[in-house]
Amino acid sequence: MFSTRALIGTVGVCTALAAVLVASASPAVRTAAADSPQSCSNPVQIGMLGPFTGPAASIGSDQLHWAQFFVDNWNKTHKLQLALVQGDTQLDPAKASVVAQSMASNSSIVGLIGPAGSQEVTATAPILKKAGLAFMSGSATNVSLTDGKLRGYFSRVVPNDGVQAPTAANYMIQHLGAKKGTTVMVVDDQESYSTGLADIAGKVLKKAGVTVDRESISQKTTDFSSLVAKVGNSTKVVFLPFQLSSQAQLFAQQLKSQGKKAVAFGSDGTFDSKKFNVSGSYVSFFAPDVTTIRANRTIAAAYNKAYPGGTSPFGAPNYVAAQLYATAATAACKDGKITRTELRQALGKVKLASTILGGPMSFTANGDVAGARFFVFKIANGKYTTVS
């Protein structure tokens, strides 16, 4: 994704939080001492950076709700208490940097969930690393984020684009007719998440002998007619690694309106059954639909009771992020106090035997999920069905 992502909507998400950090905070605030000890007799404060308002609010609220859902349930049964501190980024790197600085200067905050978008992680990384904070994303997938420069600081609970792009490309080759003599149009939206994913997918397709027609649009584009006109009979798939599902919807609709046979194939940034639902299209995603996993029936029902209206696969990875922090904080608090350094070090050692994502969770040295994989969904009548 987010990488990600995507959806237009607003939601009131400020309740039941320990504190609220607004994006209007001053960027000139000093960074707090990285190792300022905090008492574990008080709630251990974990910041959360996400797009809780703005064009991706529906995703951000789902991410926030799943993290808060874990925290609320943890606090009911554990002496060590946790508290989330919300920071609204609106999926904007500039706003994310302001909020990151505010959190970095708050010595009570010992770790962070987020940011959501790869471009936000890139923008905030220097601030958060300097402050000694661990930061863990539930949706940022750009490969370069775990190239070693942020080792010991940044991690993510979802696979990177190096896993997603081959998954999507190989599915096109094996199931959608992409082969030598055919074409796949690859359209990026000029953001780092999108261009990185497009680059990798293009390489896999070219290696298989597929002709790649590489195109580019901006996130403000709404008329794709000129690009759609370039889709010929040999074009089997149009790959749309966008961050806005509304754009994937428009592109897919315009393909059909011009009578094109090519299949639209979105990425995790377009995963939204309400906004991208053209039948016959496909989407690759970094997490399963946790509501379809038999072992999750009880927890899914409890979540839907706490937060009516359903959920998307964007949310649940943040439950796991909160779970990882809770486990690490428990280890770091053995002496009754916790520092940012202690939490970072403990986090790198955490290994969960199972999670609601359907498997174990641990990190590589650079902060990627060990053994991660992507999933492919097919859209039919507005419903997403797992096909790979």
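Me: How many nonpolar, polar and charged residues does the lining of the largest cavity have?

Reply: Rolling a probe the size of a water molecule over the atoms shows where empty space is left. Here the lining of the largest cavity has five nonpolar, seven polar and no charged residues; Ala, Val, Leu, Ile, Met, Phe, Trp, Tyr, Cys and Pro count as nonpolar, Asp, Glu, Lys and Arg as charged, and the others, Gly among them, as polar. A cavity is a set of points on a 1 Å grid over the protein atoms alone where a 1.4 Å probe fits but cannot get out, and lining residues have an atom within 4 Å of a point. This is a predicted model, in which local features need pLDDT of at least 70 and side-chain atom pairs pLDDT 80 or more, while totals for chains, interfaces and linings use all residues. Residues are numbered from 1 along each chain as its sequence is written, and side-chain values use heavy atoms, without hydrogens and water.

Me: What is the volume of the largest cavity, and which residues line it?

Reply: Its volume is about 40 Å³, taken as the space filled by probe spheres set on grid points joined across faces, edges and corners. The structure holds one cavity of 30 Å³ or more. Among the lining residues are M48, Q63, I113, G114, P115 and N318. Strand β3 (residues 44-50) gives the largest share, three residues; strands (E, at least two residues) and helices (H or I, at least four) are DSSP runs numbered from the N terminus.

Me: Is L91 buried or exposed?

Reply: L91 is buried because its relative accessible area is 13%; buried means under 20%, exposed over 50%, partly exposed in between (1.4 Å probe, protein chains only). By contrast, D35 counts as partly exposed, because its relative accessibility is 44%.

Me: How many residues does the largest nonpolar core have?

Reply: In soluble globular proteins, nonpolar side chains tend to be buried together. The largest core has 78 residues, where a core is a set of buried Ala, Val, Leu, Ile, Met, Phe, Trp, Tyr and Cys residues joined through side-chain atoms within 4.5 Å. Helix α9 (residues 316-332) supplies its largest share, eleven residues.

Me: What is the mean pLDDT of the protein chain?

Reply: The mean is 90, and 91% of residues reach 70 or more; pLDDT is the predictor's confidence in each residue, from 0 to 100.

Conventions
1 Å grid on protein atoms, 1.4 Å probe; cavity = no way out; pocket = protein on both sides within 12 Å on 5 of 7 lines; lining within 4 Å.
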